[in-house]
Amino acid sequence: MKAILIREHGGLEKLEMAEVPDPVAHPGEAVVRVRAVALNHLDIWLRRGVPGHKFPLPMIPGSEVAGVIETVDDPRWRAGDEVIVAPGYSCGLCAACLSGNDPFCRQFGIFGETVSGGAAEKIAVPIRNLIRKPASLSFAEAAAVPLDMLTAWHMLVARAQLRPGETVLVQAGGSGVGSAAIQIAKLWGATVYATAGTTAKAARAKALGADETIVYTEVDFVDAVRGLTSKRGVDVVFEHVGGETFERSLRALAKGGRLVTCGSTAGGEVTINLRLIFFKLLSILGSTMGSLAELHEIMKFVEGGRLRPVVDRVLPLSEVAEGHRILEAREAFGKIVFEV
């Protein structure tokens, strides 16, 4: 089959369209013919490399997959069923998995990070990772759901324990995970402020449900938050940028506020003033992905139209390098999806 293959870290030239063996389903697995695969910053990190982290190269990227079952041995499924693939896998049997804490499983991994993903014509996945694709969604829209929606949900609902009436600052509201966070925070009854790099992105974030938007290239977002909250600050900052933004995000919090983070697209090294943490009784919460049970819960809201994937554009898989360029240049609002 054809697949995007990364043999070594580097620039866009390291994205190779290659012929690789078709996947073989082991017991408890299904083979899915991929129809669409969404792009994530995880794919960028896989290509570039991350200092101190070893990826098992060569690897096929692609964590978010929608497609059609080709082979399966399970009475609940049959060939031809349209599915979304849950991006995280775990043993399903340990105490962590059985209690809904999949990321704590010692076997937890993510397609396209710890094993090859779905930027290919086919992928073999555990049957427990299959989720029925809502008929209302195209394959491209379906591929834009699982990773970012699950990440944002776990950050806000499980880690930050967001409550109705609280205030949330969503950093980079035009990103895939940011556009999901705006919707989830509003679903939970919060007042949402979202940052964006341009007025056009700010307008789209507001159309998604943000109560107010802040164009961070034009104003200091900390000052803007203080103005919007009568100098109080927000209860929760939804953070995935890192770099110099991180401590300023802490300064945007109210006393007792929580910062929840899942990434570091602008840099993993940050400076923190500890006095700020203990004087203001702040909490810093790390978050990675979420549980399979949470993803099934999310799908109820997606099927009901209360959460929706945001697709910026759809490209053929042959244009994977262009997709990477667009994401790195921050030109997209929402998800870039490749059709296979």
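Tutor: Two strands pair if DSSP finds at least two bridges between them. Keep that in mind for this model, which is predicted.

Student: what sits with β10 and β11 in the β-α-β unit?

Tutor: Helix α5, residues 176-187, makes a β-α-β unit with β10 and β11, and this unit is right-handed.

Student: what about β12, in which sense does it pair with β11?

Tutor: β12, residues 212-215, pairs with β11 in the parallel sense, over four bridges.

Student: how many residues of β11 are buried?

Tutor: Five of the six residues of β11, residues 191-196, are buried, so the strand is largely enclosed by the rest of the structure.

Student: switching to helices. at what angle do α4 and α10 cross?

Tutor: The axes of α4 (residues 146-159) and α10 (residues 292-303) cross at roughly 105° and come within 10 Å. An angle of 65 to 115 degrees counts as roughly perpendicular, and α4 and α10 are therefore roughly perpendicular to each other.

Student: which residues make that contact?

Tutor: From α4 they are P146, M149, L150, W153, H154 and A158, and from α10 they are E294, L295, E297, I298 and F301. The residues of this contact divide into eight nonpolar, one polar and two charged.

Student: now H324, is that buried or exposed?

Tutor: H324 lies in helix α11, residues 320-328. Buried means under 20% relative accessible area, and H324 has 1%, so it is buried.

Student: what is H324 in contact with?

Tutor: Leaving aside neighbours within four places in sequence, H324 is in contact with L12, L15, L39, D43, I44 and R47.

Student: last one. where is K231?

Tutor: K231 is in the loop between α7 (221-228) and β13 (234-239).

Student: buried or exposed, that K231?

Tutor: K231 counts as exposed, at 61% relative accessibility.

Student: and what separates the C-alpha atoms of K231 and L253?

Tutor: Those C-alpha atoms are separated by 9.9 Å, while K231 and L253 are 22 residues apart along the chain.

Note on methods. Residues are numbered from 1 along each chain as its sequence is written. This is a predicted model: local features need pLDDT of at least 70, side-chain atom pairs count only at pLDDT 80 or more; totals for chains, interfaces and linings use all residues. Side-chain values use heavy atoms; hydrogens and water are left out. Axes are lines fitted to C-alpha atoms, for helices over the stretch in contact, and angles run from 0 to 180 degrees between N-to-C directions. Helices (H or I, at least four residues) and strands (E, at least two) are DSSP runs, numbered from the N terminus. Angles under 35 degrees count as roughly parallel, over 145 as roughly antiparallel, 65 to 115 as roughly perpendicular and the rest as oblique. Contact means heavy atoms within 4.5 Å. Ala, Val, Leu, Ile, Met, Phe, Trp, Tyr, Cys and Pro count as nonpolar, Asp, Glu, Lys and Arg as charged, and the others, Gly among them, as polar. Buried means under 20% relative accessible area, exposed over 50%, partly exposed in between (1.4 Å probe, protein chains only). A crossover is right-handed if, with the strands pointing away from the viewer, the path from the first strand over the helix to the second runs clockwise.
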